[in-house]
Amino acid sequence: MKKIPIREDGLVGTLFKKGSPSSAIIVLGGSSGGLSETRAEQLAGQGFATLALAYFAAESLPPTLKEIPLEYFERAIHRLRKEEGVERIGIWGGSRGGELSLILGTLFPDQIDAIAAHVPSSVVYGALDDHRSPAWVYRGKPIAPNAPFLYTENSTGESETSAIAATPSFLTAMKDKTAFAASAILVEKLRCPLLLISAEDDKMWPSDLFAKQIVERLAQHKSSIYCSHISYSGVGHAPSKGTAGLHPIMKRWFAFGGNPADNAHAAEDWLMQTVRFFKERL
């Protein structure tokens, strides 16, 4: 297995590959930032070239999730296509990275051949801890109005025992139906197979509801793409990380949800289902 640092054209990533795979996958983490190298290496072990790609909180990149230029990811796609033998490109994103993967699929539908979105949102949310500013920009402009959001949680997040369960805040904000609809990700523009994985006890945001909204929107627009939604009961937002965690950027504790047994099963099964999807569809 080759592990190759990628530091060119402004990109910050790590490429994993063995031989000359015909398919490559960009691996996008969520709001914690940095590189998702473990996940990328797992996929590379299944016969794919993988690029763990940071987009903030790493080296020369922005320090937080705010005004991230989407042209950056288009450059990453072009870089992967230069790898010997690579003919197809997939994206695997989790949480805000799942939101991002869907956005990229709508912006660059002819350049992406499969998307696996884990616990994604169905709408475009604002910058991390600054919901008035955009998280994503393209050609210098926000790609959509920010979805409505305001913390209604009383917990401080100063310790694990006071971990913030943010899902109720998202659900409350959704009551502004006009603003919420205006921020929808236009998934009807997707042209590639799609795997959605959601958690029914997600305390970070309502990923199961989001995934159902994505499926519903595809049906409303009579999309012909393959779409599979796998929902896990008793499972939280980040099953491999437990039921709560200290956010490395916001420096507050957040509740992930789930229970140890179901989370442990999901941590393994999410990977298996994702590998199966990419092997069948990419």
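**Exercise 1. Find which strand holds Ser133, and work out whether Ser133 is buried or exposed.**

Step 1: Ser133 lies in strand 9, residues 130-134; strands here are DSSP runs of E with at least two residues, helices are runs of H or I with at least four, and both are numbered from the N terminus. Residues are numbered from 1 along each chain as its sequence is written. The model is predicted, so local features need pLDDT of at least 70 and side-chain atom pairs count only at pLDDT 80 or more, while totals for chains, interfaces and linings use all residues; side-chain values use heavy atoms, leaving out hydrogens and water.

Step 2: Buried means under 20% relative accessible area, exposed over 50%, and partly exposed in between (1.4 Å probe, protein chains only). Ser133 has 14% relative accessibility, so Ser133 counts as buried.

Step 3: Now look at the neighbours. Leaving aside residues up to four places away in sequence, Ser133 touches Lys66, Gly126, Ala127 and Asn146 (contact means heavy atoms within 4.5 Å).

**Exercise 2. Check the length of helix 6 and describe its buried side.**

Step 1: Helix 6 covers residues 207-220, which makes 14 residues. The expected span is 1.5 Å times one less than the number of residues. That gives 20 Å, and the end C-alpha atoms are 20 Å apart, so the two agree.

Step 2: Its buried residues are Ser207, Asp208, Phe210, Ala211, Ile214 and Leu218. They cover an arc of only 165° around the axis, which puts them on the same side of helix 6; the arc is that of the directions from the helix axis to the C-beta atoms.

Step 3: Turned away from that buried side is a face with the exposed residues Ala219 and Gln220.

Step 4: Among the elements covering the buried residues of helix 6 are helix 3 (96-107), helix 5 (177-182), strand 12 (194-199) and strand 13 (227-232).

Step 5: Just after helix 6, Lys222 has a positive phi of about 55°.

**Exercise 3. Locate the nonpolar cores.**

Step 1: A nonpolar core is a set of buried Ala, Val, Leu, Ile, Met, Phe, Trp, Tyr and Cys residues joined through side-chain atoms within 4.5 Å.

Step 2: The largest one has 66 residues, and Tyr55, Phe73 and Trp136 have the most contacts inside it. Helix 2 (residues 71-81) supplies the largest share of this core, five residues.

Step 3: A second, separate core of 23 residues includes Ala116, Val119, Tyr232 and Val235.
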